[in-house]
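Here are a few notes to read alongside the structure. Have a look at it first, then work through the points.

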Amino acid sequence: MSGAIAINPAGDKLLVTDLNSPGVNIFTAPFSAASTPEFLSIPTAGAPDGINITPDGNTALVASAVFARLFAITAPFSSSSAVEEIPLPPLGGTVGFEDIGISSDGQLAILTGNSGFNEFDLMAAFVEAPFTASGAVAHAVTVNGPGRGAGAVRFVPPNLALVLSPPS
């Protein structure tokens, strides 16, 4: 089993993707080894991998690892949550994503990772809120170097100043 996890800001919902299952497992607090998840099916996701929840806790974004697809799940998170696909522009290939980063103000998501499978010119996707099929604006962005890498993207938390030492 491989995939990703995300917890909502309230800390009472844990969403887990599994590459072998077309959907998301949703656990409700309190969490324990005996917790049983609800399953939210996303049949067209293929193998869901990257997942992240907006800072306001209202939307979870889920990316497919095998297809260049992005899905939005509306809170409250359960097996009956609304799911819609957010259209993405052509990204130079069909391979999906491993990771989703969401800005601290919830206005931008970046999808990256998974440039394997002989796909060397894949672009990352930048998606502007609102994260809905009709409202999101998505852009294909070239990342320096071959492909989009296999790492993760994270935004600097608000009110955190970066200091270079020595200054350059």
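Predicted model: local features only at pLDDT ≥ 70, side-chain atom pairs only at ≥ 80, totals over all residues.

1. A quick word on labels before we start: strands are DSSP runs of at least two residues, marked E and numbered from the N terminus.

2. What kind of peptide bond joins alanine 75 and proline 76? A cis one, with omega about 5°. Another cis bond links alanine 29 to proline 30, also with omega about 5°. Proline 30 belongs to the loop between strand E3 (21–28) and strand E4 (38–41).

3. Now go to strand E5, residues 48–53, where you'll find aspartate 49. Is aspartate 49 buried or exposed? Its relative accessibility is 9%, so it counts as buried, the cut-off being under 20%. Leaving aside residues up to four places away in sequence, aspartate 49 touches Gly3, Ala4, Thr17, Leu19, Ala63, Ala65, Phe97 and Glu98.

4. Isoleucine 51 sits in strand E5 too, and it is buried as well, with a relative accessible area of 6%. Beyond residues up to four places away in sequence, its contacts include Ala4, Ile5, Leu15, Val24, Leu61 and Ile100. Phenylalanine 97 is 46 residues from isoleucine 51 along the chain, and their C-alpha atoms are 9.9 Å apart.

Key
Residues numbered from 1 in each chain as written. Heavy atoms only, no water. Helix = DSSP H or I, 4+ residues; strand = E, 2+ residues; numbered from the N terminus. Buried < 20%, exposed > 50% of the residue type's maximum accessible area, 1.4 Å probe, protein only. Contact = heavy atoms within 4.5 Å.
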